[in-house]
Amino acid sequence: MAQTTLAKALNNGLRAAMERDPKVIVMGEDVGKLGGVYRVTDGLQKDFGEQRVLDTPLAESGIIGTAVGLAIRGFRPVCEIQFDGFVFPGFDQIVSQLAKLHYRSQGKVKVPVVVRIPFGGGIGAVEHHSESPESYFAHAAGLKVVACSNPADAYWMIQQAIASDDPVIFFEPKRRYWEKGEIDLDAEPHPLFASRVVRPGSTLTVATYGPMLKTCLAAASAAESDGHELEVIDLRTLSPLDLDPVLESVRRTGHLVVVAEAPSESSITSEVVARVQQAAFYSLEAPVLRVTGFDTPYPPSKCEEDYLPDLDRVLDAVDRSLAW
Amino acid sequence: MSVPQDWTPPTAGSQDSRPSREHVVAGLKATDEGDPELVQLLTPEGERVADPRFDKYATDVDVDALRSLYRDLVLVRRFDREGNALQRQGQLGIWVPLLGQEAAQIGAGRAMAPQDMAFPSYREHGVAWTRGIDPTDLLGIFRGTDHGSWDPKATRFHLYTIVIGNQVLNAAGYAMGQKFEGKVGDGPDSEATICFFGDGATSQGDVHEGFVWAAVYDAPVVFYCQNNQWAISEPTERQSRVPLYKRATGYGFPGIRVDGNDVLACLAVTRWALEECRSGNGPVLIEAFTYRMDAHTTSDDPSRYRLADELELWKLKDPIERVRVNLVREHGVGQEFFDGVQAESDELAARFREFCVNMPQPAPDRMFSQVYAEPSPLIEAQRAEFLDYHASFEGV
């Protein structure tokens with residue numbers, strides 16, 4: 001089976017969704033002729049035309065706000081926000097209109113918009129290009145928030161997100177865009193709003209998502225030499241969180257480490273910790289530990305190696321948890 | 001300053017209540033007459049004046065049509081006043097009055113074809129009326145039982161939008177969709193969108209972006225700005241250094257200023273603009289030059305920021321009175337008609353009030369419904385927990 005990069009997997013997924021449903025349109029800055037700054041939409045405008053792949057003016061509120069209008073009209077827009085830190089001009093339209101229209105109309109208006117956001121650091125970029133803003137969106141009722149971590153998931157999840165009648169904020173780990181993996185086109189895709197055990201283990205549970213999955217899998221391999229079997233869970237869906245596999249795992253291992261690049265305060269990782277301690281308090285043999293970015297603005301890129309959780313910080317947390 | 005609910009329009013033909021020219025000028029410090037380009041078909045004195053550009057968009061308005069417009073204006077004003085009174089009596093949490101803006105809304109609303117789509121702000125009770133939405137459907141928002149109970153698809157009148165200017169982008173996107181679907185052109189099913197916002201909204205980034213999007217995609221959308229001179233307490237000159245309609249030039253589409261208190265001119269100009277859009281020439285910006293005779297909302301106190309003279313002046317431009325005078329003088333319509341409309345408006349107000357005070361309290365778990373289109377485990381868990389909690393009080 002052919003190896004595909006995560007960016008190409010998304011491209012293939014978008015293409016499949018566009019072929020399936022003529023109401024699916026792609027819109028954003030530079031998504032047409034250029035194919036997106038990460039080439040995720042490469043070739044789509046050539047094949048589907050300028051009316052289905054819209055090179056938009058440069059304004060994020062405009063992209064989201066017109067996508068909302070198009071969705072009210074019956075389209076299924078997929079918006080690309082070029083970089084995580086640029087989503088904020090569109091944040092008003094996302095939380096004020098996109099998230100609330102279904103509720104406000106008591107279900108009479110559906111706004112099946114997907115907002116794709118490349119997120120996270122590790123690419124040596126200037127500021128506003130490396131952030132992890134997912135918690136803002138998970139906090140907004142009415143939105144669903146997911147993060148893919150590998151090509152196979154990227155391929156299926158983007159199609160499932162487009163098919164969802166709810167607005168979905170779709171996070172893509174930008175530093176994993178060029179990493180390859182296999183996509184089994186014949187396999188039944190994993191449900192979109194469900195987390196997944198990607199490496200079974202019995203010693204300690206690691207829950208993570210997006211770009212940190214690869215780091216956590218590497219940590220699990222390294223821990224093996226110390227005799228520790230880490231169970232690694234890819235959360236995949238950040239809102240609604242699917243904690244059942246995490247709880248089931250924690251009830252076996254008694255130890256949980258939650259890993260993400262985002263700052264820790266009021267975050268996805270906070271939410272996981274709060275809910276796990278509430279549901280599995282008596283199974284825990286140590287406090288749930290977190291390995292995250294720091295509660296600072298994203299630092300200059302020469303500092304990001306220290307800012308981002310890495311193999312050593314994950315292993316350190318594993319050791320601390322097991323030594324409790 | 002006079003209390004808006006107690007206010008009555010000046011008697012037709014009475015010269016006594018008119019302020020002097022000096023009086024008028026003083027009252028117009030923050031406003032103006034609208035400038036020479038203001039489109040007007042019916043003067044404040046009720047005279048039909050010719051306009052070579054727009055007369056053809058009102059040729060079908062015979063005496064019956066004019067009576068019908070008069071009825072719209074009176075009924076809308078009546079339930080708006082009732083809404084205000086209901087808030088004062090504690091029946092509504094808030095009311096957003098449209099007093100003075102009836103013609104701007106009825107003219108625009110009646111210009112729409114059934115297949116056209118409207119995106120309102122939150123003061124568009126008159127436009128809602130023209131879309132066949134029963135006034136009682138507006139009450140839930142202000143009484144706090146829902147966020148808008150009408151069906152935006154069936155009525156082709158979107159939900160009220162409270163965040164200033166958000167709907168301008170939504171309307172632009174919707175209009176792009178109309179164009180993408182091939183609904184623009186000479187065909188019988190061609191469509192347009194009309195988007196309502198106020199003078200204050202023109203300072204919002206979303207309105208600018210909406211203009212940009214509509215222009216570059218040739219979206220069939222009429223931007224209908226009701227310049228009622230005040231954004232709560234901020235006057236129009238705090239929003240712009242140029243008359244608002246002139247801003248359209250910078251985006252590359254026509255901008256036009258219409259007498260927003262002249263229902264005939266608003267009807268004709270909006271018909272023209274919608275036609276431009278339907279035929280593929282859109283967008284168009286209309287500035288309906290009008291005045292908010294009442295407060296911004298029932299929480300506002302306009303006596304703190306505006307001149308009483310200003311209000312007195314605008315009373316002379318009353319949108320309903322000029323139609324009445326025209327009906328009497330030019331069409332010989334008798335008192336019986338006006339009495340009939342008055343009686344009908346009283347019935348509407350009574351029905352509006354009765355509906356309001358009898359609105360049921362929403363079910364306890366109402367807040368959990370329709371957050372998502374697809375099931376949400378978190379919401380369902382919270383709903384179940386809440387209902388259990390609620391049930392625990394039974395029999396206590």
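User: Thanks! Is B:Y70 buried or exposed?

Analyst: B:Y70 is buried, with a relative accessible area of 3%; buried means under 20%, exposed over 50% and partly exposed in between, using a 1.4 Å probe and protein chains only. This is a predicted model, where local features need pLDDT of at least 70, side-chain atom pairs count only at pLDDT 80 or more, and totals for chains, interfaces and linings use all residues. Residues are numbered from 1 along each chain as its sequence is written, chains are lettered from A and ligands numbered from 1 in the order written, and side-chain values use heavy atoms, leaving out hydrogens and water.

User: Which ring does B:Y70 form an aromatic pair with?

Analyst: With B:F337: the pair is tilted, 5.8 Å centre to centre and 50° between the planes. Rings of Phe, Tyr and Trp (its six-membered ring) pair if their centres lie within 6.5 Å; planes under 30 degrees apart are stacked, over 60 edge-to-face, the rest tilted.

User: And is B:F337 buried or exposed?

Analyst: B:F337 is buried, at 18% relative accessible area.

User: How about chain A, which rings make a cluster there?

Analyst: Ring pairs link A:F88, A:F91, A:F119, A:Y136, A:F137 and A:F171.

User: New topic: what sits over the ring of B:W314?

Analyst: The charged end of B:K317, 4.2 Å from the ring centre. That label needs NZ of Lys or CZ of Arg within 6 Å of the ring centre and within 35 degrees of the ring normal. Over in chain A, A:K23 lies over the face of A:F75, 4.2 Å from the ring centre.
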